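Hi,

Here is the structure I promised to pass on. Have a look at it first, and my notes follow below.

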Amino acid sequence: MTTAANHVPVVVVGAGQAGLSVSWYLGRAGIEHLVVESGTPMHAWADTRWDNFTLVTPNWHCRLPGYGYEGGDPDGFMTRDEVVRWLAGWLDTFDPPLRTQTKVSRLRCTADGFELTLESASGVESLRCAQVVVATGGYPLPILPPFAAAIDPAVAQLHSEQYRNPEQLPDGAVLVVGTGQSGAQIAEDLHLAGRSVHLAVGSAPRVARRYRGRDCMTWLADMGLYDTPAQQYPGGKAAQEKTNHYVTGRDGGRDVDLRRFALEGMTLYGTLIGGKDTELAFAPSLTAALDRADSVYNSICSDIDRYIEDTGIDAPPPSRYEPVWAPAADPTGLDLAAAGVRSIVWAIGYRPDYRWIEASAFDGGGRPMQTRGVTEVPGLSFVGLPWMHTWGSGRFLGIDRDARHVAESVVTTLSSATVPDALPENGVRL
């Protein structure tokens, strides 16, 4: 798409599902815009997920503007390749104005809007616009601990986004660091492949896959947890900062029970706090971490019990998780060479990176200061962030609603078509 005098009313930076959802609504409203993507549309699903990746949310959660999951397994979990095909099917339903393989390296405020610096194989150019929607994801930079560089170079190291399959790693044992959703599932992937796995357990909570006859995430959705605004969510900011509960959709979905993995031969440790050469140090936190994760698991079951009782739903009887294993002591050290560990998979998360944006729109941690995606900087919005509006934000279940709200703000500011007529609700109650 070419723009007159290098100007377009609205630029959406990022062509993942969130940015393209905003584009879908802007197109329906007749708003001229351009979506700029550094790679190809929604490439992260194919490029940064491992081979055996599956969704942890049920397929019925998968909703995008004008498009929803219509397969035969709404309570199942799509694999990576199935998600890629599903997203490609959605992209076939409309024609967003895309410019791919183009990086936005700078965004600065001007007297009448914004100027973007674009870098591509064709060179560097500038583009001006009145409104910008940033849809580059909340946490694009993989985190590695500072002591990673001091570990014996004979030990291969990679971040979870680089992990694809067990065969990719050198022969020998593997240390997985972190038990968020990626770390727990990658540890399971290696374990099921027969690899010797050492796992550094963090503070992530866990949740039952199914409870009292239904998927737990279906119960939580019915209970309104994914629709509760962030300001009203139980636990406030502290709850929002926590790592998501670990569980898996693999093989139809099941619990991830680290204690059972230990019974089957996986070696567990607490939080990894340091390392040099082949010697690693761990906090004596394993017992507390396992107990805390189980406590959250059972607490969620109790919340579901109350909901069932309050609503009079006929469901199977309640139950509670009982530990199948406990550490005799909390280990505090590991000699990688002695244990035969030849690779480390870091699954300790990501951090934000908005250094390319020159605007007073960020807090001390570098995160956007926004309300439902809209900032105090006129014309600057974000979409696709975790907790942007609710717990459902950043998930397939919440993207449509969030994108529609941001698009409404853009349309209103540009004084175009009336929002209710231009932006149909698409079945989502706002």
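In strand β19, S343 is the bridge partner of V174. They belong to β11 (residues 173–177) and β19 (residues 341–346), which pair in the parallel sense over five bridges; strands count as paired if DSSP finds at least two bridges between them. Helices (H or I, at least four residues) and strands (E, at least two) are DSSP runs, numbered from the N terminus.

This is a predicted model, in which local features need pLDDT of at least 70, side-chain atom pairs count only at pLDDT 80 or more, and totals for chains, interfaces and linings use all residues. Residues are numbered from 1 along each chain as its sequence is written, and side-chain values use heavy atoms, with hydrogens and water left out.

The open sheet has five strands, ordered β10-β19-β11-β12-β15, with parallel pairing. β10 (156–159) and β15 (267–269) are at the edges with a single partner strand each, so one side of each has no neighbour in the sheet.

Just after α1, G30 takes a positive phi of about 75 degrees.

As for confidence, mean pLDDT (the predictor's confidence in each residue, from 0 to 100) is 93 for the protein. Over residues 417–422, however, pLDDT stays under 50. Where pLDDT is low, the predicted coordinates should not be read in detail.

Best wishes

Definitions and conventions:
Contact means heavy atoms within 4.5 Å.
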